[in-house]
Amino acid sequence: MENTTDRKRIFIVEDEPQISRFLQLEFEHENYDCTTCGDGREALKIALETDFDIIILDVMLPSLNGIEVLRRLRQDKQTPVIILTARDQVVDKVTGLDIGADDYMTKPFAIEELLARVRKLTKRTAAPAVVLSCGKLSVNPEARVASYDGHQIDLTKKEFDLLEYLMRNRNIVVSREKLIDAVWGFDFYGYTNVVDVYVRYLRSKIDDVYGVTIIETVRGAGYVIR
């Protein structure tokens with residue numbers, strides 16, 4: 001009998017039967033255990049009740065669209081999610097990433113690229129989990145949990161990514177341009193003040209709540225956590 005202990009579990013949420021079946025066959029060929037669903041509301045129920053290594057999530061779904069499925073899923077679980085969408089508009093990608101998607105692909109896509117992105121997100125490492133700490137603030141990158149004095153801080157994906165990067169570079173002043181490259185990606189098209197906006201978000205959830213100064217502004221240079 002085949003040993004399936006090390007096989008990764010993938011959840012394919014796609015309402016087009018041909019695409020769903022195609023993805024299932026491709027991933028089973030790559031030795032993944034596959035579960036499929038074509039309904040948004042049912043997919044959310046399954047995703048909350050089952051531990052998957054990764055979820056492939058279509059945006060256009062019946063009963064509950066993929067963005068709303070992801071929004072509700074992120075209230076309880078941090079399973080890696082790749083969004084599939086036929087819409088090539090920046091707003092769809094930004095919305096998905098901001099509420100917790102780990103990656104996205106626009107239809108039509110090359111299956112080889114999707115397989116590569118899935119491998120990257122599901123890559124397992126034997127390295128022990130490292131918790132980043134600075135005073136009473138701690139960030140667990142593996143669990144994607146941030147807390148202050150033992151109280152968990154509710155952060156969006158981008159807020160967490162920004163805080164994690166600053167914590168990894170604590171005592172180093174990081175420029176807005178470098179933060180954009182690290183957190184939003186080198187191909188990000190937008191204004192550098194997006195960093196200022198997200199720093200304000202973090203301050204409203206940490207500094208304002210606990211009466212501390214976590215992220216310092218270094219005029220003309222960037223931001224730093226000391």
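Start with two helices, α6 and α8. The axes of α6, residues 157-168, and α8, residues 193-205, come within 10 Å. They cross at roughly 90°, which means α6 is roughly perpendicular to α8. Keep in mind that this is a predicted model.

Who makes the contact? From α6, we have Lys-158, Glu-159, Leu-162 and Leu-163. From α8, we have Val-195, Tyr-198, Val-199, Tyr-201, Leu-202 and Lys-205. By class, the α6 and α8 contact residues split into 7 nonpolar and 3 charged, with no polar ones.

Now the sheet. It is open, with 4 strands in the order β6-β7-β8-β9, and the pairing is antiparallel. The edges are β6, at 132-134, and β9, at 151-153. Each has a single partner strand, so one side of each is left without a neighbour in the sheet. On average, neighbouring strands are turned by 25° against each other, direction ignored.

β6 pairs with β7, residues 137-140, in the antiparallel sense, over 3 bridges. Ser-133 stands opposite Ser-138 in β7.

Back to α6. This helix packs on the sheet.

Finally, the whole chain. It has 9 helices and 11 strands. There are 226 residues, and 44% count as buried. Of the contacts with a separation of 6 or more, 56% join residues 24 or more positions apart. The accessible surface comes to about 12600 Å², and carbon and sulfur atoms hold 48% of that.

Definitions and conventions:
Residues numbered from 1 in each chain as written. Predicted model: local features only at pLDDT ≥ 70, side-chain atom pairs only at ≥ 80, totals over all residues. Heavy atoms only, no water. Buried < 20%, exposed > 50% of the residue type's maximum accessible area, 1.4 Å probe, protein only. Contact = heavy atoms within 4.5 Å. Areas by Shrake-Rupley, 256 points an atom, 1.4 Å probe, with all protein chains shown as cover. Axes fitted to C-alpha atoms, helices over the stretch in contact; angles between N-to-C directions. Parallel < 35°, antiparallel > 145°, perpendicular 65-115°, else oblique. Nonpolar A, V, L, I, M, F, W, Y, C, P; charged D, E, K, R; others polar. Pairing = 2+ DSSP bridges.
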